[in-house]
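The sequence and the structure come first, and the description follows.

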Amino acid sequence: MNLLRAFTHFLQSIYRRLFKAEIKHTKHLGAFDKVIVRSTREATDDLLEMGTLLIVKDGTFYKWARFQCPCGCGQKQVISLQSNHNPHWSIYERNGTITLQPSVHVNGQGGCGAHFFVRNNKIDWV
Ligand SMILES: [Zn+2]
């Protein structure tokens, strides 16, 4: 009987591990695969597909970074790139890839709690 119970526990632990791994794999995006830059007037919500990072820029002035939360919760996020706003993020553009500093934490009202860095378009989960 004990052996059977131990075996059942063993199977359950494997199942849990696989299940968790799958959730992580399918829900948590590993990178933004598309960066688009638009002016304030051109930047619309329908550009915000999962995996797209929308940079709003007027002339040389960075204004906003907009995206769907990469955890898969579907929330649309806007973070400010304007240094006179608090909080705001620094943006670094290199060979068409984006790095944001500091990390992004989706913890506002009703926020999902997602916490990640964006480095050269890659999403590093915290
Ligand atoms: Zn989320």
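## Terms and basis of the model

Two strands are taken to pair if DSSP finds at least two bridges between them. Helices (H or I, at least four residues) and strands (E, at least two) are DSSP runs, and they are numbered from the N terminus. Residue numbers start from 1 along each chain as its sequence is written. The model is predicted, and local features need a pLDDT of at least 70, side-chain atom pairs count only at pLDDT 80 or more, and totals for chains, interfaces and linings use all residues.

Among the elements, helix H1 (residues 2-27) has the lowest mean pLDDT, 66, whereas strand S3 (residues 61-68) has the highest, 98. Where pLDDT is low, the predicted coordinates should not be read in detail.

## Overall architecture

The protein chain contains 1 helix and 8 strands, and along the sequence these follow the pattern α-β-β-β-β-β-β-β-β. Of the contacts in the protein chain with a separation of 6 or more, 30% are accounted for by residues 24 or more positions apart; a contact here requires that the C-beta atoms of two residues, placed from the backbone, lie within 7 Å.

Buried residues make up 16% of the 126 residues in the protein chain. A residue is called buried if 20 or more other C-beta atoms lie within 10 Å of its own, exposed if 12 or fewer do, and partly exposed in between, with C-beta atoms placed from the backbone.

## The sheet of S1 to S4

An open sheet of 4 strands has the order S1-S2-S3-S4, and its pairing is mixed. Strand S1 (34-38) and strand S4 (76-80) are the edge strands, each pairing on one side only. From one strand to the next the twist averages 20°, where axes are lines fitted to C-alpha atoms (for helices over the stretch in contact) and angles run from 0 to 180 degrees between N-to-C directions.

Within this sheet, S3 and S4 pair in the antiparallel sense over 5 bridges, and Trp64 stands opposite Ser80 in S4.

S5 and S6 run antiparallel and are joined by 5 bridges, and the bridge partner of Glu93 is Ile98 in S6. Strand S6 (residues 97-105) is joined to S7 by 3 bridges, again antiparallel, with Leu100 having Val118 in S7 as its bridge partner. Finally, 4 bridges join S7 to strand S8 (residues 122-125) in the antiparallel sense, and Phe117 stands opposite Asp124 in S8. Strand S7 (residues 115-119) has a covered face made of Phe116 and Val118, while His115, Phe117 and Arg119 form the uncovered one.

## Nonpolar core

The largest nonpolar core has 17 residues, and those with the most contacts inside it are Leu53, Leu54, Ile55 and Ala65. Strand S2 (52-58), S3 and S7 each supply at least two residues of this core. A nonpolar core is a set of buried Ala, Val, Leu, Ile, Met, Phe, Trp, Tyr and Cys residues joined through C-beta atoms within 7 Å.

Leaving aside residues up to four places away in sequence, Ile55 touches Val35, Val37, Tyr62, Ala65 and Ile98.

## Backbone points to check

Most residues other than glycine have a negative phi, and most peptide bonds are trans. A cis peptide bond joins Asn86 and Pro87, with omega about 0°, and Pro87 lies in the loop between S4 and S5. The peptide bond from Gln101 to Pro102 is also cis, with omega near 0°, and Pro102 lies in strand S6.

The hairpin of S7 and S8 has 2 residues between the strands, and in it Asn120 takes a positive phi near 50°. Asn120 is partly exposed, with 13 other C-beta atoms within 10 Å. Asn121 is found in the loop between S7 and S8 and has a phi near 75°, a positive value in a residue other than glycine; Asn121 is partly exposed, with 18 other C-beta atoms within 10 Å.

How values were computed. pLDDT = per-residue confidence, 0-100.
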